Amino acid sequence: MVDNQVVYDLKDSRWITNYNQLKPADRKIVLTFDDGPSRHLESFLNILSEKDCKAVFFWQSRLLHKDRLWKRVLQEGHQIGAHSINHKNLAKLTKEQQYKQIKNSIDKIEQITGKEVNYFRPPFGQYNEDTMSILVDLDVVPIMWEISSFDWENKATPTKIVCNVANNTRDGSIILMHELEQTVAILPDLIDRIREMRYDFTLL
């Protein structure tokens with residue numbers, strides 16, 4: 001049964017919320033992690049490597065510097081998208097301020113990694129028509145999510161994170177998670193649970 005608090009019911013089809021909008025999913029879902037690169041990144045990468053699972057990381061550029069584990073992220077086949085400079089609500093900013101948040105974050109990630117950034121996710125999932133205009137101008141794909149794990153609300157009850165995702169997963173679901181301690185703790189079980197349901201993982 002679908003819980004409307006877990007499924008992100010975004011009606012704006014300009015945003016990618018399900019992999020089927022890009023290509024046929026074929027029993028695939030997309031794991032995404034916001035708000036890094038954090039001090040937990042190495043733990044995430046260790047688990048993803050052990051489980052042979054690929055993921056997409058949406059990073060705040062203020063947290064990225066040359067000594068972060070960005071090389072390992074790319075070497076191990078994951079993707080990096082932009083998530084603004086410092087997680088401001090874009091819908092509350094002027095178009096000029098939004099442009100700075102989006103363009104500068106993309107530029108910094110590209111400058112450090114040497115890899116083109118093709119995807120952007122807005123902080124809090126908040127945007128307006130100025131946001132859309134900027135993303136079109138920058139030729140960046142707007143990515144949201146279909147299912148929220150609500151991992152940030154379940155620090156004391158991390159098993160609920162697994163239930164939030166597994167109980168609502170369908171072909172192509174893009175899953176919202178964060179680089180948090182409780183998410184690290186449940187990630188192996190979540191990956192196993194998804195695979196027991198005969199889904200696997202893909203990139204954007």
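The model is predicted, so to speak of a local feature we need pLDDT of at least 70, and side-chain atom pairs count only at pLDDT 80 or more, while totals for chains, interfaces and linings use all residues. Residues are numbered from 1 along each chain as its sequence is written, and side-chain values use heavy atoms, with hydrogens and water left out.

Trainee: Let's start with threonine 17. Where is its place, and is threonine 17 buried or exposed?

Mentor: Threonine 17 sits in the segment before strand S1 (strands are DSSP runs of E with at least two residues, helices are runs of H or I with at least four, and both are numbered from the N terminus). Its relative accessibility is 12%. Buried means under 20% relative accessible area, exposed over 50% and partly exposed in between, with a 1.4 Å probe and protein chains only. So at 12%, threonine 17 counts as buried.

Trainee: Which residues does threonine 17 touch, not counting those up to four places away in sequence?

Mentor: A contact is a pair of heavy atoms within 4.5 Å. Tryptophan 145 is 128 residues away along the chain, yet its C-alpha atom is separated from that of threonine 17 by 4.4 Å. With sequence neighbours up to four places away set aside, threonine 17 touches Leu10, Met144, Trp145, Glu146, Gly172 and Ile174.

Trainee: What about the other end? Which residues does threonine 202 touch, not counting those up to four places away in sequence?

Mentor: Threonine 202 is in the segment after strand S8 (200-201), and it is buried because its relative accessible area is 16%. Asparagine 164 is 38 residues away along the chain, and 20 Å separates the two C-alpha atoms. Beyond four places in sequence, threonine 202 touches Tyr19, Lys28, Ile29, Val30 and Lys54.

Trainee: Which residues do ring pairs link into a cluster?

Mentor: Rings of Phe, Tyr and Trp (its six-membered ring) pair if their centres lie within 6.5 Å. That rule gives a count of five aromatic pairs. The cluster linked by ring pairs is made of Phe33, Phe44, Phe57 and Trp59.

Trainee: Is phenylalanine 44 buried or exposed?

Mentor: Phenylalanine 44 is in helix H1. Leaving aside neighbours within four places in sequence, it is in contact with Phe33, His178, Glu179, Leu180, Thr183, Val184 and Leu187. Because its relative accessibility is 0%, phenylalanine 44 counts as buried.

Trainee: And how far apart in space are phenylalanine 44 and valine 141?

Mentor: Along the sequence, these two are 97 residues apart. From C-alpha to C-alpha, phenylalanine 44 and valine 141 are apart by 25 Å.

Trainee: Which residues does histidine 40 touch, not counting those up to four places away in sequence?

Mentor: Histidine 40 lies in the loop between strand S1 (28-36) and helix H1 (41-50). At 13% relative accessibility, it counts as buried. With residues up to four places away left out, histidine 40 touches Glu179, Leu180, Glu181 and Val184.

Trainee: What joins glycine 36 and proline 37?

Mentor: Proline 37 is found in the loop between S1 and H1. Most residues other than glycine have a negative phi, and most peptide bonds are trans. Here omega is about 0°, and what joins glycine 36 and proline 37 is a cis peptide bond.

Trainee: Is aspartate 52 buried or exposed?

Mentor: Aspartate 52 is in the loop between H1 and strand S2 (56-59). It isn't a glycine, but its phi is positive, about 50°. With 57% relative accessibility, aspartate 52 counts as exposed.

Trainee: How about serine 84, buried or exposed?

Mentor: Serine 84 is found in the loop between S3 and H3. Its phi is positive too, about 80°, although it is not a glycine. Since its relative accessible area is 0%, serine 84 is buried.

Trainee: The charged end of arginine 27 sits over which ring?

Mentor: A charge sits over a ring if NZ of Lys or CZ of Arg is within 6 Å of the ring centre and within 35 degrees of the ring normal. The charged end of arginine 27 is 3.9 Å from the ring's centre, and the ring belongs to tyrosine 199.

Trainee: Last one: what do the buried residues of H5 pack against?

Mentor: Helix H5 covers residues 159-166, where Ile161, Val162, Asn164, Val165 and Ala166 are buried. The buried residues of H5 pack against strand S6 (147-148), strand S7 (174-178) and helix H6 (181-196).

Key. Rings of Phe, Tyr and Trp (its six-membered ring) pair if their centres lie within 6.5 Å; planes under 30 degrees apart count as stacked, over 60 as edge-to-face and the rest as tilted.
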